[in-house]
Amino acid sequence: MHPLDEFSAIVTTDAPLAPLTWFRVGGPASRLARPRHTEELAAVYTRSREAGLPIRLLGGGSNVLARDAGVDGVVIHLESPAFSDLTVDPESGRIRAGAAVPLTSLCSTAARAGLSGLESLIGIPGTVGGGLIAGAAHRHVALRSLVERIEFLDGRGQPHTADRDELNASSTTEPVVDGVLIAADFQLQRDDPEQVVRRMRHLWIIKREQQPYGHQSSGYIFRDPSPERSAASIVEAAGLKGMRAGNVEISDRNANFLIAHPGATAEDVTRLIDHVRDRIARAFQIELEVNLSIW
Ligand SMILES: Cc1cc2nc3c(=O)[nH]c(=O)nc-3n(C[C@H](O)[C@H](O)[C@H](O)COP(=O)(O)OP(=O)(O)OC[C@H]3O[C@@H](n4cnc5c(N)ncnc54)[C@H](O)[C@@H]3O)c2cc1C
């Protein structure tokens, strides 16, 4: 008997994780759960916790690397329509988004409604839940800085809400909350829709030129030490663009991205990360912090 046997309708055994992550490498999840609504999420989370299973949450998989040996315990994938609601109130400037809403939908919906604040985050892959937990940001704008209120399950699987002043909204490194993020309300500024859309498109054109091609399997690796000093500029200054480990390479478009070529392994990724950190520490006495969640 496995503790999650009662959830057989939503739990898969030895489920490949590579297709669910942007790197597209790594081994399977021992158990992969896809809850269909909040009650099922709470039940599977609580049961796993009581059984002492390691629990990991998966959103869009753009900030996760699954190790080659696979991932023990349970991976809970939030993807169901129950976590994908997006509602806008243009009058008050509030947007409410479920954890599984893609960040691009959040940004473009806000822009079309004439709500400003999220434009510079356009093009960041992943979801609202993953983005808030991983600290998605572009220069001075962090997704979490626009949050007014969140809905989440705490570490015991109990539902809660927390207002802005109760959140770790100013930190860029600590998770905004411990537990499972279910939905968030954002407070934005009213503006002319045409202007907001124009600004967003302009930023997207610039970003697209500076990031790996859309078809490449890639990952964004290090946190920027400060908004003025990007990790990409430091890696580039060390002359590491194009460096490889096995079938993984530092992108020649932006040195904070690794590209996984066919045949790449998760070990190639971690070896290259270790190597870059080591070279940067020796060259500049800077400890680059890894942004990627390595499972
Ligand atoms: C091409 C590319 C470009 C990128 N550009 C940027 C950029 O400009 N700026 C930037 O900051 N990042 C960037 N990233 C990193 C990444 O896109 C962001 O961190 C993203 O928002 C993560 O969202 P996700 O849904 O994919 O999260 P995932 O990768 O699925 O998860 C990330 C973390 O959040 C946790 N998590 C996910 N959902 C939940 C939930 N509902 N509750 C609790 N925990 C949860 C996971 O366990 C994991 O620890 C980029 C990545 C790629 C591949």
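**Helix H2 against helix H4**

I looked up which residues pack here: Cys107, Ser108, Ala111 and Arg112 of H2 meet Pro193, Val196, Val197 and Met200 of H4, where contact means heavy atoms within 4.5 Å. By class, I noted six nonpolar, one polar and one charged residues in the contact of H2 with H4; Ala, Val, Leu, Ile, Met, Phe, Trp, Tyr, Cys and Pro count as nonpolar, Asp, Glu, Lys and Arg as charged, and the others, Gly among them, as polar. The model is predicted: local features need pLDDT of at least 70, side-chain atom pairs count only at pLDDT 80 or more, and totals for chains, interfaces and linings use all residues. Numbering starts from 1 along each chain as its sequence is written, and side-chain values use heavy atoms, with hydrogens and water left out.

I then took the axes of H2 (residues 103-112) and H4 (residues 193-210), which come within 7 Å and cross at roughly 145°. Axes are lines fitted to C-alpha atoms, for helices over the stretch in contact, with angles from 0 to 180 degrees between N-to-C directions. Helices (H or I, at least four residues) and strands (E, at least two) are DSSP runs, numbered from the N terminus.

**Domain 2 against domain 3**

I recorded domain 1 (5-81), domain 2 (84-195) and domain 3 (213-294), with bounds from an automatic or database domain assignment. The C-alpha centres of domain 2 and domain 3 are 27 Å apart; five residues from each of these two domains make the contact.

For the buried area I read about 400 Å², with 43% from carbon and sulfur atoms; this is the accessible area (1.4 Å probe) that two parts lose on being put together, summed over both.

**Salt bridges**

I counted 22 salt bridges in the structure, each a side-chain nitrogen of Lys or Arg within 4 Å of a carboxyl oxygen of Asp or Glu. One joins arginine 94 and glutamate 148 (3.7 Å, N to O). Arginine 94 lies in strand E7 (residues 94-98) and glutamate 148 in strand E11 (residues 147-153), so the pair ties together parts 54 residues apart in sequence.
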